[in-house]
Amino acid sequence: MNPIILSPALFKQIETEGANAFPNECCGILIGSDVKEAERAVRIVKRLLPGKNAFEADEQYHRFSIDPRAQLQAEREAAAEGLAVLGFYHSHPNHPARPSDYDRDHGWPFYSYVIVSIQDGKPDLMTSWVLNDQSNEFEKQEILVKEIMDALGVGESADGDGGAAM
Ligand SMILES: [Zn+2]
């Protein structure tokens, strides 16, 4: 499967949003583009669109939902910049960084689902998942943390390829 690329700053931003939302879940939208890099497809995240968790406060600790209107708006804005909605990120407070049954039941194919585990308010593992529309199971997607040098290309790794891959 194609890896997903996050700059160190965006990786850190997801961790920070997750920590700040603790003990609730944070959630947001991944904006970027799928490009070819050295013969393979890579998914580059250009920016994040932090979302408001659409669930009531007493539900936010274990599930997230992005307002469909916010999602539609994000699709429009991204398209205007030649980008696309690549997926979503959310946190798992005091739970492992793997998709829950809820996540699987509400997941769509194509999109990347980035999950950061927040343990007692501190960022732990971050993983990414894509739903296989044949098996309806999530498959793990490699996260590469590196600087993005220009609109299409990908720069040399700043701190080691796959440093955050799990
Ligand atoms: Zn989840």
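Which residues in H1 are buried? I began my notebook with that, and here is what I looked up.

**Ground rules.** I am working with a predicted model, where local features need pLDDT of at least 70 and side-chain atom pairs count only at pLDDT 80 or more, while totals for chains, interfaces and linings use all residues. Residues are numbered from 1 along each chain as its sequence is written.

**Entry 1: helix H1.** I found that Leu10, Phe11, Ile14, Glu17, Gly18 and Ala21 are buried in H1. For burial I count other C-beta atoms, placed from the backbone, within 10 Å of a residue's own: 20 or more is buried, 12 or fewer is exposed, and in between is partly exposed. These residues cover an arc of only 130 degrees around the axis, so they sit on the same side of H1. The arc is that of the directions from the helix axis to the C-beta atoms. H1 covers residues 8-21, 14 residues in all, and reaches 20 Å from its first C-alpha to its last, close to the 20 Å expected at 1.5 Å a residue. The expected span is 1.5 Å times one less than the number of residues.

**Entry 2: the overall plan.** I noted 3 helices and 8 strands in the protein. Both are DSSP runs numbered from the N terminus, with helices being H or I of at least four residues and strands E of at least two. Along the sequence the pattern reads β-α-β-β-α-β-α-β-β-β-β. Buried residues account for 34% of the 166 residues. I then checked contacts, meaning C-beta atoms, placed from the backbone, within 7 Å. Among contacts between residues at least 6 apart in sequence, 60% join residues at least 24 apart.

**Entry 3: the sheet.** In what order do the 8 strands lie? I read E7-E6-E5-E4-E2-E3-E1-E8, an open sheet with mixed pairing. Two strands pair if DSSP finds at least two bridges between them. E7 and E8 (143-145) are the edge strands, each pairing on one side only. Neighbouring strands are turned by 35 degrees against each other on average, direction ignored.

E2 (residues 27-37) and E3 (residues 40-51) are antiparallel and share 11 bridges; glycine 32 has valine 45 in E3 as its bridge partner. Helix H2 (residues 68-80) lies across E2, E3 and E4 (84-93), at about 135 degrees to E4. For such angles, axes are lines fitted to C-alpha atoms, for helices over the stretch in contact, and the values run from 0 to 180 degrees between N-to-C directions.

**Entry 4: two hairpins.** I followed E5 (residues 112-119) into E6 (residues 122-132), an antiparallel pair with 7 bridges. Isoleucine 118 stands opposite proline 123 in E6. The hairpin has 2 residues between its strands, and aspartate 120 in the turn has a positive phi of about 50 degrees. E6 then pairs with E7 (residues 137-141) over 5 bridges, again in the antiparallel sense, with serine 128 opposite glutamine 141 in E7. That hairpin has 4 residues between the strands, and asparagine 136 takes a positive phi near 60 degrees.

**Entry 5: the core.** I looked for nonpolar cores, that is, sets of buried Ala, Val, Leu, Ile, Met, Phe, Trp, Tyr and Cys residues joined through C-beta atoms within 7 Å. The largest has 33 residues, and Leu6, Ile14, Leu30, Ile31, Val45, Val114 and Met126 touch the most other members. E5 gives the most to this core, with 5 residues. Beyond its neighbours within four places in sequence, leucine 30 is in contact with Val45, Leu48, Leu86, Gly87, Phe88, Tyr89, Ser112 and Val114.

Entry 6: Is phenylalanine 138 buried or partly exposed? I have phenylalanine 138 as partly exposed, because 19 other C-beta atoms lie within 10 Å. Setting aside residues up to four places away, phenylalanine 138 touches Pro99, Arg104, Gly107, Trp129, Val130 and Leu131.

Lysine 140, also in strand E7, is partly exposed, with 14 other C-beta atoms within 10 Å.

Terms used: Contact = placed C-beta atoms within 7 Å.
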